[in-house]
Amino acid sequence: MFRRIRIFLAVDAENPQLIKAQQAAFIKQVPLLYLMLMTNVVALSLTHLSAAPPMLTLYIPGALCLGCCIRILGWWRSRHNIVSHEGAVRQLQSTVYVGVLLGVGFTSWSLSLFPYGNAYTQVHVAFFMAITVIGCIFCLMHLRTAALLIAGVVLIPFTVFFATTGNSVFTAIAINMALVSVAMVYILFKHYAGFVELIESQKALVAKQAETQKLSEENRRLADTDSLTELPNRRSFRAEFVQRLARATAEQRKLAVGIIDLDGFKAVNDTFGHAAGDHLLIEAARRLRAFSDDGIFCARLSGDEFGLLIDATLDDDQLVTLTERICQSLQQPYHIRGITANVSGSCGIARHTDGGNAVQLFERADYALYHAKQHRRGHAVVFSEDHERQIVNRSRVDQELKNANLEAEFYVLFQPFVDSGSHAILGFEALARWESPSLGRVNPDVFIPAAERGEMMGTVTNILLRKALAQACQWPAGTRLSFNLSARDIVSRETIEMLLKTIAESGFAPSCLDLEVTETAVMTNFDLAVSNINLLMAHGIGIALDDFGTGHSSLGYVHRLPLRKIKIDRSFIADIDTNVLSRNIVRTIVDLCRNIGCACVIEGMETAEQVVVLRALGCGIMQGYYFGRPMPFAETLEKLSAQSHAEKDFTENRSAVA
Ligand code: C2E
Ligand code: CA
Ligand code: CA
């Protein structure tokens with residue numbers, strides 16, 4: 001029983017949100033409650049001043065008012081305090097106890113005044129008690145226990161006292177009050193239940209919000225992170241870039257953006273499989289992360305491409321030293337599941353001090369990367385004024401090519417390739433030329449990439465091939481034609497089918513035609529390239545692997561390509577008579593060709609010494625300025641006819657000698 005009473009009297013400490021809400025409501029209502037009490041006490045004391053003794057009209061009400069003042073002061077002082085849960089429970093609990101005490105005090109005091117004075121003052125006592133208790137219940141609505149206890153402490157004695165006075169008016173007041181009390185208690189319960197429900201639903205809402213917040217933070221983290229390497233991803237890089245660029249501009253500080261691309265990653269992927277490729281990327285990301293700090297931000301942009309933001313105040317030399325260190329770290333061997341893979345990282349950098357917005361800066365870094373890939377693989381290249389000029393030229397070429405009359409302005413020259421023993425011309429390689437009315441003669445190194453950028457490569461290749469074939473048909477039978485395909489052509493089924501049609505329509509024997517592709521082109525999409533090569537082979541056309549040795553050659557895939565020829569790049573030939581390494585490389589490739597049964601062509605023969613050295617190495621076919629520069633078609637006819645006369649003379653002389 002006592003336990004039940006205690007539980008009933010106790011504040012619900014298990015519900016922190018409810019306690020907090022009750023405390024918040026009380027801070028505002030309690031001073032009002034005590035002020036009301038004091039006003040009522042003063043009014044009742046005044047009406048009884050002349051009739052009742054000073055103890056009842058001055059000292060006791062004074063003490064009661066003092067108690068009220070102390071309580072107001074206490075609550076007032078704590079109105080801005082952040083009260084702990086325990087503090088709030090204590091405060092509310094004390095309100096219950098003090099409320100009951102004050103209730104008992106006020107009831108006893110007011111009833112003790114009843115015998116003094118006349119009928120009016122007696123009615124004032126009844127009015128005082130009724131109005132005060134109603135006021136208290138209203139003010140304590142949020143603390144049901146306190147409201148109920150005070151109602152009980154005041155109303156029970158009130159009803160009993162006035163019902164037993166024998167006066168019909170007081171009896172009526174007592175009954176009225178009893179009925180009003182029942183209604184009030186009912187409303188109190190309803191209101192309190194509504195209040196608790198509101199707090200509960202707020203609680204649920206807050207919990208839901210917290211959960212949503214947590215989920216959205218996790219989603220944001222995932223959306224900004226690359227799932228394989230756990231580096232920030234492209235999206236995050238872009239946001240960070242814009243932010244850092246704005247800060248650097250505002251504070252006039254330096255910022256550099258870098259793009260790193262792994263050289264030879266595709267070969268690792270194709271040779272060792274995707275799982276090994278993934279491990280390599282994770283390791284590369286780990287090495288990059290070692291350079292990340294407040295000033296350096298690393299991200300994975302796509303496949304084997306990484307982004308750098310460097311906002312340390314480094315001068316140009318320090319910037320290059322830092323990025324070179326990063327490139328060197330990426331160049332260390334990767335030991336993955338028992339195999340060792342080697343790749344390098346080329347890096348293009350653009351500095352914010354060069355001006356420009358985020359997009360332009362990124363494009364500059366991309367251009368510098370393109371340069372690094374072309375000329376300084378495995379190193380860092382900083383975007384320069386020279387590059388800026390090249391970009392301007394490039395966009396001029398792009399523009400002119402779009403408006404060019406391809407049929408009229410494009411043609412091919414032919415460079416002979418010869419038998420290394422007899423020097424007899426075996427055929428010609430067609431080399432494209434563009435005579436632009438506004439730009440003059442443009443080299444293929446410039447316009448082929450422009451045609452690729454402008455999505456016109458297939459059309460350009462087809463026109464050039466048609467022209468080359470039409471002329472090659474006029475050569476003596478058996479003379480071979482080599483024709484270059486671009487990286488785009490070999491991975492486009494549409495282009496290959498178009499070229500097959502052109503070849504068929506030309507009347508040139510497909511068995512005398514070789515299409516040259518580079519290793520890098522094949523590697524962009526090995527499977528698609530192989531399927532296109534097989535289709536060409538099925539039509540009797542041969543495939544030559546051009547510029548061999550310059551890309552990230554992986555001998556593993558050479559075996560998987562049905563090749564008719566391998567053309568050793570001329571960079572190995574330039575120093576062949578002095579460089580032992582170049583000689584050894586050429587010897588190895590010649591052996592490889594012999595082993596896989598394909599012809600070996602040496603490009604870039606410029607001197608008689610080179611011819612001697614390379615013939616000794618066993619090279620069968622040679623091409624280069626020494627044997628003939630790229631020439632117009634008419635000259636090829638002259639050369640071929642001179643050769644046939646020489647052969648005829650040789651045969652006749654031989655039969656004459658015989
Ligand atoms: P490539 O296929 O390696 O062609 C050989 C290039 O080396 C030619 O440059 C040729 O003139 C040059 N060359 C030949 N012998 C020597 C030599 O002894 N010494 C030196 N220093 N150079 C020599 P060109 O004609 O400027 O062509 C450059 C590249 O443009 C070609 O390299 C080829 O990749 C591309 N290309 C040429 N014509 C076409 C074409 O019709 N279609 C496509 N897609 N690319 C072409
Ligand atoms: Ca070629
Ligand atoms: Ca070549």
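Which residues does Leu49 touch, not counting residues up to four places away in sequence?

Modeller: Happy to! This is a predicted model, in which local features need pLDDT of at least 70 and side-chain atom pairs count only at pLDDT 80 or more, while totals for chains, interfaces and linings use all residues. Residues are numbered from 1 along each chain as its sequence is written, chains are lettered from A and ligands numbered from 1 in the order in which they are written, and side-chain values use heavy atoms, with hydrogens and water left out.

With residues up to four places away set aside, Leu49 touches Thr57 and Leu58, where contact means heavy atoms within 4.5 Å. Leu49 belongs to the loop between helix 2 (16-48) and helix 3 (54-77); helices (H or I, at least four residues) and strands (E, at least two) are DSSP runs numbered from the N terminus. Leu49 counts as partly exposed because its relative accessibility is 42%, given that buried means under 20% relative accessible area, exposed over 50% and partly exposed in between (1.4 Å probe, protein chains only).

Thr121 sits in helix 5 (residues 119-139) and counts as buried because its relative accessibility is 10%. Beyond its neighbours within four places in sequence, Thr121 is in contact with Thr47, His48 and Tyr116.

Now for the whole. The protein has 24 helices and 16 strands, and its C-alpha trace spans about 170 × 55 × 50 Å along the principal axes. Its radius of gyration is 48 Å, whereas a compact globule of 658 residues would have one near 26 Å; this radius is taken over C-alpha atoms, and the globule rule is 2.2 Å times the number of residues to the power 0.38. Of the 658 residues, 46% count as buried. Among contacts with a separation of 6 or more, 71% join residues 24 or more positions apart.

Of the 22 residues around ligand 1, Gln415, Ala432, Arg570, Glu606 and Tyr625 come nearest, and a residue is near if one of its heavy atoms lies within 4 Å. Oxygen atoms of ligand 1 lie 2.9 Å from a side-chain N or O atom of Arg433, 3.2 Å from a polar side-chain atom of Asp547 and 2.8 Å from one of Arg570. Ligand 1 taken alone exposes 790 Å², of which the protein buries 85%. Strand 9 (425-436), helix 15 (444-453) and strand 13 (542-548) each give two or more residues to the shell, and strand 9 has the largest share, four residues.

Helix 15 has its own buried residues, namely Phe447, Pro449, Ala450, Ala451 and Glu452. Their cover includes helix 13 (385-403), strand 8 (410-419) and strand 9. Just after helix 15, Glu455 takes a positive phi of about 55°.

Technical notes:
A polar contact is a pair of N or O atoms within 3.5 Å; within protein, one must be able to donate a hydrogen and the other to accept it, and residues adjacent in sequence count only if both atoms are side-chain atoms. Accessible areas come from the Shrake-Rupley method with a 1.4 Å probe; for residues, only the protein chains shown count as cover.
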